[in-house]
Amino acid sequence: MIQFHQVEKHYGHFHVLKNINLSVEEGEVVVVVGPSGSGKSTMLRCINRLETITSGLLTVNGVQIHDRKIDINRVRRDIGMVFQHFNLYPHKKVIDNITLAPIKVLGLSKAEAADTAMYYLEKVGIADKANAYPSQLSGGQQQRVAIARGLAMKPKIMLFDEPTSALDPEMVGEVLDVMKALAREGMTMVVVTHEMGFAREVADRVVFMDQGQILEESEPGAFFDRPQEERLKTFLGRLLSH
Amino acid sequence: MDFTVLTENMEPFLRGFLNTIWASLLGLAGSFVLGVIIAVFRITRLRPLVWFGTGYVEFFRNIPLLLVVFLFYLGLPSLGVTLSGFAAGTLGLAVYTSAFIAEAIRAGILAVPAGQTEAARSSGLGYVQTMVHVVLPQAIKLVIPPLSNQFINLVKNSSVLSIVAGFDLMYYGDVVATETFDTINTYLFVAMFYLIITLPLSYGSRVLERKLARHD
């Protein structure tokens, strides 16, 4: 579903992504971990072209995503994205946050879009907040709305960019629970996170990045219990020591 | 305060007052439209538009308003275009003010967090849809205070029309003052007429600001 082939990215003199090779199959949950500044968010953002790549091939749903000739808006319909800071539209009610793209991009009627929105709000457990404004919700609730907003487009892939990093600790669980349910239903997911418990429990594969490179990639058991790379051992050691 | 100068010269006062309102409305509409266009030029990635927009703003923002009006009133005839004092004055006012409005609007658009655009674009919305449904509605709120300041300035600056025989409030104020020699009362009444326009403007902008800020 997603294939990185020798992908490189430079920001001026800064080499952000170095020879990235990674493939994600349909229904797979791939969790990307690594220290801050390791390029994991940048890699994720390349998948829907929020970031451009300098060279290499990146295929998503069978499309060369960095080909200038493709209709990027069409490709993005099938890729939902959830951000660290939720990025809900503050001037729109929860329900209108969710129905905007289905109405404007998919051409659904208002009523159809509202039905779909309510279905997903139900699913993330906050149907009663449909007419609230984002500022009236807690962080955890906002992030669940953001997930519902992504799902309402019925995407084939969902991208999560540190979805729990901006949340108070007691709200992390409610967001992870929604993501776990989604994974169980077979959604293809790429998740950048620091939540190691989530990675171990939900991931099909865990990827470790450092300094723009993928250093290790394995199933969670091997990843956490028998890490090969020195830097991964240090990284995991630091996490466990506090 | 002596009201005789007002009651005996009601006609010129009212004529000037209406012309000032008219010039202000035209100036407001013109400067807003021009300002939005120039602001959008400056945030595109098309170099020629950016250069044009930047040149426009820096030129008109950094020369005196009176000079802009003279360019239209006294400069254009040498190119074969002759405008009345009212037209040249109002046009100059609109062009001059639009440079400030363009900057305010541009700042408002840039102040909307990038994450808003990213969320909208990643859901498949196009550039224009993102602007219309996500960015501009948020930018407008941020822009209302500086914009209302500019509009109030525009009303006051419309007094420049008096210098090019634009028949505005200030022009008739001068006429009445010269004829009656009652300068102090005449100009106080002129001030009162300006306040009748500007005070509701600043009050209205505060109300609007509060109303829009309710959900943030």
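**Salt bridges within and between the chains**

Reply: Arg200(A) counts as partly exposed, at 44% relative accessibility (buried is under 20% relative accessible area, exposed over 50% and partly exposed in between, with a 1.4 Å probe and protein chains only). The model is predicted, so local features need pLDDT of at least 70 and side-chain atom pairs count only at pLDDT 80 or more, while totals for chains, interfaces and linings use all residues. Residues are numbered from 1 along each chain as its sequence is written, chains are lettered from A and ligands numbered from 1 in the order in which they are written, and side-chain values use heavy atoms, without hydrogens or water.

The partner of Arg200(A) is Asp225(A), in a salt bridge whose closest N and O atoms are 3.3 Å apart (a side-chain nitrogen of Lys or Arg within 4 Å of a carboxyl oxygen of Asp or Glu). This pair links distant parts of the chain, 25 residues apart: Arg200(A) is in helix 7 (residues 196-202) of chain A and Asp225(A) in helix 8 (residues 220-225) of chain A. Helices (H or I, at least four residues) and strands (E, at least two) are DSSP runs numbered from the N terminus. Asp225(A) is also partly exposed, with a relative accessible area of 48%.

A second pair in chain A is Lys180(A) with Asp177(A), at 4.0 Å between the closest N and O atoms. Both belong to helix 6 of chain A, and because they are 3 residues apart they are separated by about one helical turn. Lys180(A) is buried, at 17% relative accessible area, whereas Asp177(A) is partly exposed, at 46%.

In chain B, the side chains of Glu103(B) and Arg42(B) form a salt bridge of 2.6 Å, N to O. Glu103(B) comes from helix 5 (residues 85-111) of chain B and Arg42(B) from helix 2 (residues 10-43) of chain B, so this pair ties together parts 61 residues apart in sequence. Both Glu103(B) and Arg42(B) are buried. Through shared partners, salt bridges join Arg42(B), Glu58(B), Arg61(B), Glu103(B) and Arg106(B) into one network. Chain B has 9 helices and 0 strands, and 45% of its 216 residues count as buried.

Between the chains, the rule finds 1 salt bridge. In this bridge the side chains of Arg45(A) and Glu118(B) meet at 2.7 Å, N to O. Helix 6 (114-122) and helix 7 (127-157) of chain B each supply at least two residues of the side of chain B that touches chain A. Helix 6 of chain B gives the largest share of that side, 7 residues. The contact (heavy atoms within 4.5 Å) takes 19 residues from chain B and 22 residues from chain A. The area buried between the two chains (the accessible area, 1.4 Å probe, that two parts lose on being put together, summed over both) is about 1800 Å², with carbon and sulfur atoms giving 55% of it.
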